[in-house]
Amino acid sequence: MKKRVITVLLSGMIAMACTIGMNPVESQAQEKVHTENQIAVQDAEETDDSVITVSAKNGSDIARELDNALKEARDTATDSNPVTVKVVAGSYKLSSTLHIYSNTTLDLTEGVTFTYSRTSSNMIETGTNGTYKGHSDFNASLACKGYSGFRNISIIGGKWLGNSNCDSSLIRLFHAKNIKLENVTVSGGGCAHQVELAAIDGLKVNKCTFKDLARRKSSGNLKQEALQFDIPCDTSIYKSTYLDGTTMKNVEVTNCLFQNVPRGVGTHTLLNGAYHENIKITGNIFKNIQEEAIIALTYYNCEIKNNVIENCGGGVLIQYFKPLSSSVMSTIFDGKKVYKGQVRHNAKMVVENNRMTIKYTKYSDEVCGVKVYGRKVSTTEKDKKNKTIPKKDYYISGVKVRNNVITTAGHGVHMMDVQDSEATGNKITGKNYYAKDPRRKKYDGVFVDLGSKRITTNSNIIKNMARSGVFTQNYSTSMIITNNQISGCKQHGVQMFNKSTCGKLSRNVISNIKEHAVHITKSTANISGNTISGVPYGVFVSSDAKGKIYQNTYKSGVKKKVYVGGKTSGITSKAPKITKKSGSKTSMTVKWKKVSGAGGYEVQYSTDPKLVSGVKSVSLSAKKTSASMKKPAAGKTYYVKVLSYKKVKGMQMYSSAKAMKL
């Protein structure tokens, strides 16, 4: 197949064209030599890709000639025969916007630097707001709806140096399929976002650098992501495009560097019911970010893995709603049409194997390693366009925060109105709290709040937090807090407050805590199997708390083991003495001697000799001295233990007991 080579010739250059494999007559017929700054066309037997080579004097303004080359690519490129526009090495000025179209690669890999001299508009964008394909404003026309505007566009290599007096993004691409940015460096600019992308299906951003974006002094609450994923729904948000509310999907951001920018990568526009899908942010480095490194706003099926987040004001911010309703959109086409999206809850999101160092800044949403946020709208609220937001719980679920290393001057993990999620296997260390931070004494390793439900906090190592290792409050229910190692916290190991509930607060190792290993107020918890040392109080329970306390181990340095409703003595019961036990293939029976003063008994049984996993239980009144149970698994060997308990205020205080084989 023949290769069509098109060379843009600039002032002072001579155009020469030849045809390989043709006789002189054929060559003369094919050769088209134009005057200065025009295009010469030649054919060659090489590959099926077309190439346009652009060369200019170093330091000159290349904008017009390069844009002409991109237009030539626009008019000749097809899906089967894409065009590469290649710029020869050099440093060039851009005095106007470049426009790139479908099936085009802009190749800057030879060592190209662009410096923007204009004080308005983007350095490069998809399409045109002029006439194209019969539309007087193509980018804002129906032809650009959804992902149909452009396809198969790549920008490879090159440095894009923004103008500090220009408030437009450097690179702006939208309404497209199959977009790639690779080895691109963007630096500086006076813009909100260095690269601003919207309505793209199939985006790959790989080995790119985003750096040195200054915070805009007049920005107020403006969020400045260096790499922004947006939604074209309103002129105030994403102007000069088709405002149909199309989201991003199938996005990969890999092996990039974000340095000295207000925010790293993410989204701050929330269109109620719209979700960005299939997002992967992996293997990137974030350094010296004033706010959050990653902002996953209404992301669905998202992986945030193996990133290094260093010296940043926040790590990962995950939101399925906004704290301020005035930041929410409900309409598209500049408020002319209500967006009809289905509200989702299950984010299917994993934040895993990231390494974070979080510092205090006054700009971040919150000083926190990973924050997961939903919100219940229970009163009449208005969105940005003064439309009423439907009253409902916009909670988020299905978030897994696993195996991250977080060194933080704030919270480690903070969950608000979150359901069916987990914080497991993380190493969280409190460090370098800022003396002027007004919240410096109120930070926790894992903080669960705002009516969250069914959150598992398991196998974390939490050290030196300003307040508690794990803290749940405000109607956060059905918690599981197990197998954590918590030490060195300034207040409590595990704290529960204001109608929180925890079915399993067990098998945690809690040591060297300034106040209480476990502190329960106005909440319900089953506290068992924890190992506690080096604390003034092991378990502190207020008179308005409920639950169970049993079989915790208290080691050296514990001054008071248990404090319940003002009492520290006479609150435990003796262990029952088993008088008979028997078992068959399908059932088992156990008998014991009555314990004086016991309020009741509990029989626990399992196939686990230590009665840690798969434990079932039967509660019995103080009058009972025997129990018969059917074996859940016939023919299996079971182990059993019998505990007595006393009722102290709202807590059941259990005796110790040993497991016995049936």
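Biologist: How many aromatic pairs does a search of the whole structure find?

Modeller: In this predicted model, the search returns 23 aromatic pairs.

Biologist: How is one such pair read, for instance F210 and F258?

Modeller: Two values describe a pair of aromatic rings: the distance between the centres and the angle between the planes. For F210 and F258 the centres are 4.6 Å apart and the planes are at 5°, so this pair is stacked. Planes under 30 degrees apart count as stacked.

Biologist: Where in the chain do F210 and F258 lie?

Modeller: F210 belongs to strand β15 (residues 209-211) and F258 to strand β18 (residues 257-259). With 48 residues separating them, the pair links distant parts of the chain.

Biologist: What about charged side chains, and which element holds D67 and K71?

Modeller: Side chains of opposite charge can pair when their charged atoms come close. The count here is 23 salt bridges. D67 and K71 form a salt bridge, with an N to O distance of 4.0 Å. Both residues sit in helix α2 (residues 63-76), four residues apart, about one turn of the helix.

Biologist: Which residues form a positive surface patch?

Modeller: R440, K441, K490 and K514 make up the patch. Of these, K490 is placed in the loop between β45 (485-487) and β46 (492-497).

Biologist: Which domain does UniProt list for residues 396-565?

Modeller: The unreviewed UniProt entry gives "Periplasmic copper-binding protein NosD beta helix" for residues 396-565. In the model, the chain over residues 396-565 is 0% helix and 59% strand. The end C-alpha atoms of that stretch are 36 Å apart.

Conventions: Residues are numbered from 1 along each chain as its sequence is written. This is a predicted model: local features need pLDDT of at least 70, side-chain atom pairs count only at pLDDT 80 or more; totals for chains, interfaces and linings use all residues. Side-chain values use heavy atoms; hydrogens and water are left out. UniProt positions are given in the numbering used here, feature names are shortened, and annotations may be inferred rather than shown by experiment. Helices (H or I, at least four residues) and strands (E, at least two) are DSSP runs, numbered from the N terminus. Patches are made of residues with over 30% relative accessible area and no salt bridge: like charges are joined within 9 Å, nonpolar side chains (Val, Leu, Ile, Met, Phe, Trp, Tyr) within 5 Å. Accessible areas come from the Shrake-Rupley method with a 1.4 Å probe; for residues, only the protein chains shown count as cover. A salt bridge is a side-chain nitrogen of Lys or Arg within 4 Å of a carboxyl oxygen of Asp or Glu. Lys and Arg count as positive and Asp and Glu as negative; His and the chain ends are not counted. The place of a charge is taken as NZ of Lys, CZ of Arg, CG of Asp or CD of Glu. Rings of Phe, Tyr and Trp (its six-membered ring) pair if their centres lie within 6.5 Å; planes under 30 degrees apart count as stacked, over 60 as edge-to-face and the rest as tilted.
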